[in-house]
Amino acid sequence: MTRLDPQQTTGLPTDVRAALARIASAAGTWCPALAPDGERVACVGDRAGLPQLEVATLDQRTTPAVLSGPGQEVVSVAWSPDGEWLAYLVSPGGSIRAQLWAVRPDGTDRRLVLGHPGATVFAGGWTARPGHYACTVAEGPGADVVLVDVVTGEHATLASGGFLALTAMSADETRLLARRGPRGWRHVVLVDVATGEQRRVIPARAPGGRQSEDGRFAPDGRSVYLRAAQPGPLGEDRTALVVVPLDEDGAPGEPRVVVRRRDGDLDGYAVRADGTVLCVWTVDGVTELDVRRVDDGTLVHRVDLPLPVMPGWSLAADGRWLVAELTGPADPRALHLVDLDGGPVTRLPSAPRRPDAELLVRPVRHHYRAADGLELDGWLYVPPGVHGPNRTVVSFHGGPEGQERPAWSPVAQALAATGVTVFAPNVRGSGGRGTAFMGLDDVADRAASFADVPATVEHLVEAGIAAPGRVGAHGWSYGGYLTLVALTRWPDLFAAGASLAGMSDLRTFFERTEPWMAAASVTEYGDPVTDREMLATISPMTALQQLRSPVLLAHGDRDTNVPVEESVQAHRALTALDAPAELLLLAGEGHTVVGRENLVTLTEAIAEWFDRWL
């Protein structure tokens, strides 16, 4: 890794550096997958310093067994319905070009199933037939659905044409459901495997036709459930559970909304055998869990969760309980046992130890308005003992469709531990406020959306939160790009900036990113050919001569999502301009930094950077 010049860092007190190391090195477990017998759970855990495949019994208090190979960086895991296999994705050397591996639950027969240089495997799911796993494989701008036999290694392409992200397969493997389309226009299609015919489950002009996700076949195969965005006023056009009947020929019929909420999005669901459906909602950034009747959406009961965010979960075969991945501002991701019939929620004994609570800050949701009056919100982290204006870092999330939520954030906690206030906003284009709000920064609207940045800073100063002249900008991925945009468009707005894996030039981003990522991003940023001049005007590289504030550029050297060259070329150009810039390259990391040593290095570097310049 390339480290910052120690001669240019002020250094932090020893006790603060120790606190930062404890925060950044906190371990977690995520992506639970229950065994069919409900006695064991597989997951991804990084207690050893790198995400690995772990398996534990639900009552096990000792360290879980590690089933992935040495040095394998594990992304996700799924347990086969017959209990005989675990399928897991591996990111080789930090690359986004994942491989599919399989292993027996006792750790034997580990094998590479699918994946080679240049191809990206996306998680799919086990089918009803023993040893069969279906997934998505991308090698160009499109992606195919592939069926593989993990025992023999034989595989066959089931569907192609566009980017097809598999969401479900029928029990007889004759039909499948896949999400298709670019960002902001993704929809579920029903594919006949024999003929290759693709049919939209919801017509394009019908409610929910523009954007739908996560299609599933009903147990009897005679209808399809999915999540689809429903029309409504700005902020109320939320994702709902929709059912679509299939006729005798398998053609989709008239869609019917089973349940929707105007104050939140349906993030996940599971239809249970007793005629109810488990619904996972995100409301104001917080997860809410309830059980409803599947015929009319009537609420049966709500399930209270001890932590605010549930990114992942695995439902038991009887549908009465689940293993949940829960997280909060003071809690890294860990697995919990959730009784869906009103019983307690308990943290699994094998979960990693929590970090020291006294080190951590619990944020509050903060509302404000953009320059045009649009309501915005974010999460405000105020260090203990701080009252009144303070040096402040505005931290922009990635996506740009992401949403800032009250989940575990090592960077926010590390900055707060150094006495810096952190505000993590959801500017226009963020998720969690409906599809119309999420599209307010698409293509031609992107330049205008940038105005939310100075509006945010102006509000923080006027509200007595941020000290004038002592405000910094930080962001990851799109947030890193937005940081560079702000530093070049408003040179006096921020005293310093830090961009992690951010785009510096949208033209070179389109040229160098994965082909499937480029194809999916046209509806978000613009066409790299027909909109090339517009992309130049909103690319920080074309205005770096305006930048005056010191900027830290950090990037994983294996990143092919936002290629590492995006930070390297910006640093090279800034150095030629004699501008204050530092470059930190993290060895072996991709778009997301996951290695323990690199996480500690990155967290300390960001905290030291803003401590020095603010």
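Here is a walk through a few parts of this structure, which is a predicted model.

Let's start with strand β35, residues 551-556. Six of its six residues are buried, so the strand counts as mostly covered, given that buried means under 20% relative accessible area. In a regular strand, side chains alternate between the two faces of the sheet. You can follow that here: V551, L553 and H555 point one way from β35, while L552, A554 and G556 point the other way. Both sets are buried.

What does β35 pair with? Strand β34 (residues 496-500) is one partner, running parallel to β35 over four bridges. Bring in helix α10 (residues 565-576) and you get a β-α-β unit made of β35, α10 and β36, and its hand is right.

Next up is helix α8, residues 515-525. Its buried residues are W516, M517, A518, A520, S521, E524 and Y525. An α-helix has 3.6 residues a turn, so residues three or four places apart point the same way. With that in mind, which elements cover the buried residues of α8? The cover includes two strands, β9 (120-126) and β10 (132-138), along with helices α4 (446-449), α6 (478-489), α7 (506-512) and α9 (532-537).

Now for a sheet with another kind of pairing. Four strands make up an open sheet in the order β17-β18-β19-β20, with antiparallel pairing. At the edges sit β17 (212-217) and β20 (256-259), each of which pairs on one side only. From one strand to the next, the twist averages 30°. Strand β19 (residues 239-245) is joined to β20 by three bridges, and the two run antiparallel. Look for V243, which stands opposite R256 in β20.

Finally, the empty space. Rolling a probe the size of a water molecule over the atoms shows where such space is left. The structure holds three cavities of 30 Å³ or more, and the largest cavity has about 70 Å³ of space. Its lining is made of T29, V41, C43, R47, E54, V55, A56, P64, L335, L348, S350 and A351. The elements giving two or more residues to that lining are β2 (40-45) and β3 (52-57). Of the elements, β3 gives the most, with three residues.

Key. Residues numbered from 1 in each chain as written. Predicted model: local features only at pLDDT ≥ 70, side-chain atom pairs only at ≥ 80, totals over all residues. Heavy atoms only, no water. Buried < 20%, exposed > 50% of the residue type's maximum accessible area, 1.4 Å probe, protein only. Contact = heavy atoms within 4.5 Å. Pairing = 2+ DSSP bridges. Right-handed = clockwise from strand over helix to strand, strands pointing away. Axes fitted to C-alpha atoms, helices over the stretch in contact; angles between N-to-C directions. 1 Å grid on protein atoms, 1.4 Å probe; cavity = no way out; pocket = protein on both sides within 12 Å on 5 of 7 lines; lining within 4 Å. Points joined across faces, edges and corners; volume = space filled by probe spheres on them.
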